[in-house]
Amino acid sequence: MADRAGAPPRAWQRMLSGRRLDLLDPSPLDIEIADIAHGLARVARWNGQTHGDHAFSVAQHSLLVEHIYRLRHPNAAPTALLAALLHDAAEYVIGDMISPFKAVVGGGYKAVEQRLQAAVHRRFSLPERAERLKTSIKRADQVAAWYEATELAGFAVEEANRFFGRPRGISADALDLRPLPAKTVQKAFLARFDAIEALHT
């Protein structure tokens, strides 16, 4: 929908920081960690179809993935930990579209997501083409998804095994899967970001 008669559609999102992020040509200069934390803490995983008094947010999922990655790679560099924490950062703008719907929508959504994620990586000096790192973060992501699916989203174990692969070497005891309030998760996300950043010094 055009902003007014004859004008092109608006393709930017105004953030609470005051930044205006262009979805078609996102600039790293318009990306703020406070906006990412705020947005991801309010985006629900699994379209909100989870048990608990609160949605299990993308921010909480991101903390979970970074935790799992750290358990699997105890000597990981701060850059790798930050890449794990921010692996879904683009969703602070475009939301968390479930995989079946991504398959229906096709390449347009993926292209926007990739541009945003690339801008996030440039903003925080993360590698954009580190395939081995991406693969290891993806595995941590799948472990998180398996536990979220079986503990929160009503999946049978056999079903989760089919979609995400059975986790090896990490038990639910090592993970915090309690859906938490948005403000609590937002603070935890920012605190973890600060802790990782401090490792650079």
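This is a predicted model: local features need pLDDT of at least 70, side-chain atom pairs count only at pLDDT 80 or more; totals for chains, interfaces and linings use all residues.
Trainee: Which residues of α2 and α9 meet?

Mentor: From α2 the contact takes in A59, Q60, S62, L63, E66 and R70, and these meet V185, A188, F189, R192 and I196 in α9. Sorted by class, the contact of α2 with α9 has six nonpolar, two polar and three charged residues.

Trainee: At what angle do the axes of α2 and α3 cross?

Mentor: The axes of α2, which spans residues 58-72, and α3, which spans residues 78-85, cross at roughly 145° and come within 8 Å. The crossing of α2 and α3 is right-handed. On the α2 side the contact is made by S62, L63, V65, E66, Y69 and R70, while α3 contributes A80, L81, A84 and L85. By class, this contact of α2 with α3 consists of seven nonpolar, one polar and two charged residues.

Trainee: How are α7 and α8 oriented to each other, roughly parallel or roughly antiparallel?

Mentor: Helix α7 (residues 131-151) packs with helix α8 (residues 157-164) at an angle of about 160°, their axes being 10 Å apart. Angles over 145 degrees count as roughly antiparallel, and α7 and α8 are therefore roughly antiparallel to each other. Their crossing is right-handed. In α7 the residues R139, Q142, A145, W146, A149 and T150 meet V157, A160, N161 and F164 in α8, and the residues of this contact divide into six nonpolar, three polar and one charged.

Trainee: Turning to pockets, what is the volume of the second largest pocket, and which residues that line it are the closest to its centre?

Mentor: The second largest pocket has a volume of about 200 Å³. It is lined by 14 residues, of which Q60, L63, L64, H67 and D176 are the closest to its centre.

Trainee: Which elements give two or more residues to that lining, and which gives the most?

Mentor: The elements that give two or more residues are α2 and α9, the latter spanning residues 182-198, and α2 gives the most, with six residues. By class, the lining of the second largest pocket divides into seven nonpolar, three polar and four charged residues.

Methods. Residues are numbered from 1 along each chain as its sequence is written. Side-chain values use heavy atoms; hydrogens and water are left out. Axes are lines fitted to C-alpha atoms, for helices over the stretch in contact, and angles run from 0 to 180 degrees between N-to-C directions. Helices (H or I, at least four residues) and strands (E, at least two) are DSSP runs, numbered from the N terminus. A crossing is left-handed if the near helix is turned anticlockwise from the far one by less than a right angle, and right-handed if clockwise. Contact means heavy atoms within 4.5 Å. Ala, Val, Leu, Ile, Met, Phe, Trp, Tyr, Cys and Pro count as nonpolar, Asp, Glu, Lys and Arg as charged, and the others, Gly among them, as polar. Angles under 35 degrees count as roughly parallel, over 145 as roughly antiparallel, 65 to 115 as roughly perpendicular and the rest as oblique. On a 1 Å grid over the protein atoms alone, a cavity is a set of points where a 1.4 Å probe fits but cannot get out, and a pocket is an open set with protein on both sides within 12 Å along at least five of seven lines; lining residues have an atom within 4 Å of a point. Grid points are joined across faces, edges and corners, and a volume is the space filled by probe spheres set on the points.
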